Amino acid sequence: MTQPSLGAPESGALSAGTMSGPQPANLGDILERVLDKGIVIAGDIRVNLLDIELLTIKLRLVIASLETASQVGINWWQADPWLSADAAQRSDRQELEEENRQLRNRVRALERGEHDGG
Amino acid sequence: MAAESRCVWLYGVTGDDPEAPAAGLAGVGGVPPRTISAAGLTAIVGDVADREYGEAALRRNLEDLDWLARTARAHHAVLEAVAERGPVVPMRLATLFASDAGVTGTLRERADDFRGSLSLIAARSEWGVKAYAAKPADPVADPGLPATGPGAAYLQRRRAQLTASKDARAEALASARAVYAELGRFAVASRLYPPQAPDLAGQPAPMVLNAAYLVADERAGEFSAAVADLTARHRFVQLALTGPWPAYSFVGAGDEPGPR
């Protein structure tokens, strides 16, 4: 098996349309495979990985699995305005409320200006 | 006997290949792997210390992220070396037996499952494809729009920013779906993983696609060319290719074949 050549890895900031690959396996890629995939066989020593509470919580902090993360409330992508329409609407609404507040202040300032001038 | 008590760590199962473990590998716990053969299959195993991998110790050590990272990397390195020689069915991390007899029994009992998995992944490899949303540039205010005052100009700019942000998000997600489907044409099977958290991925941009593909080795070049082509065509995402991986994502029970 050979590594295909896809050009030199990008260094520096991400930009649209570029690709930095194939990359060395990062820990997340390895963990999601060795913990979540692979054949499950009941060996003589039975430690259910999902029973290990701390491990599970720590991993869910880093490997955000859609179902499991929702169960423990770590569903970052649902709160990320980039990935969730709901969150985006919330975020937009917050921005609009802020904008509204700024405009009201501005109107008030202008009105005061007119009174002062007249 | 003064030797400390040990148990048997199972990495994976390959065909009849007693020479399978690559020489010079440290293995989990720094113990070089060896093989156990039965039923025309070869198990890749390591003799690890009970005091570190026994049930109580394991429970404790799995809570330690550094220990887990070290162990996961060692497990993966052995499987990767074996996969270079031929197909290997990877076991989930921490599949442990009290003695060789347990491993031999498992090889015999599940011989058909193992053989089925081995034939599915023979001459094929797993490739990972991730897509990150690329943030749009700040929109430039359109000078053609009639701006009657600073308030109106401000509103127009704000609206343009919101629209650009929303469009880019929608484009990134649409691109992710298109990329996933398009690459499926070059693969025997595919799986979707949940996106990784930015801290883990080491990228500040949100991940919008985390997929694995089982690709025939003879089509690996075509597959990576397709990734490069998609990269050029989709400007709202950045793609990253990883692999070849041992076929972790395509050996488990309940796997359904083919992309949807």
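Student: How are α1(A) and α3(B) placed relative to each other, roughly parallel or roughly perpendicular?
Tutor: α1(A) and α3(B) are roughly perpendicular to each other, a label for angles of 65 to 115 degrees, with under 35 counted as roughly parallel, over 145 as roughly antiparallel and the rest as oblique. This is a predicted model, in which local features need pLDDT of at least 70 and side-chain atom pairs count only at pLDDT 80 or more, while totals for chains, interfaces and linings use all residues. Residues are numbered from 1 along each chain as its sequence is written, and chains are lettered from A and ligands numbered from 1 in the order in which they are written.

Student: What angle do α1 of chain A and α3(B) pack at?
Tutor: About 75°, with the axes 10 Å apart; α1 of chain A covers residues 27–36. Axes are lines fitted to C-alpha atoms, for helices over the stretch in contact, and angles run from 0 to 180 degrees between N-to-C directions. Helices are DSSP runs of H or I with at least four residues, strands are runs of E with at least two, and both are numbered from the N terminus.

Student: Which residues make the contact?
Tutor: From α1(A), Leu27(A), Ile30(A), Leu31(A) and Val34(A); from α3(B), Ala69(B), Ala72(B), Arg73(B), His75(B) and His76(B). Residues are in contact if their C-beta atoms, placed from the backbone, lie within 7 Å.

Student: How does that contact of α1(A) with α3(B) split by class?
Tutor: Six nonpolar, two polar and one charged. Ala, Val, Leu, Ile, Met, Phe, Trp, Tyr, Cys and Pro count as nonpolar, Asp, Glu, Lys and Arg as charged, and the others, Gly among them, as polar.

Student: Switching topic: which domains does chain B have?
Tutor: Domain 1 of chain B spans 6–121 and domain 2 spans 124–250, with bounds from an automatic or database domain assignment. Their C-alpha centres lie 36 Å apart. Seven residues of domain 1 of chain B are in contact with six of domain 2.

Student: Which element gives the most to the domain 1 side of chain B that touches domain 2?
Tutor: α3(B), with three residues. That side of domain 1 of chain B has six nonpolar residues, no polar ones and one charged.

Student: And how many helices and strands are in chain A?
Tutor: Five helices and zero strands, whereas chain B has eight helices and nine strands.

Student: What share of chain A is buried?
Tutor: Buried residues make up 24% of its 118 residues; in chain B they are 44% of 260. Buried means 20 or more other C-beta atoms within 10 Å of the residue's own, exposed 12 or fewer, partly exposed in between, with C-beta atoms placed from the backbone.

Key. Two residues are in contact if their C-beta atoms, placed from the backbone, lie within 7 Å.
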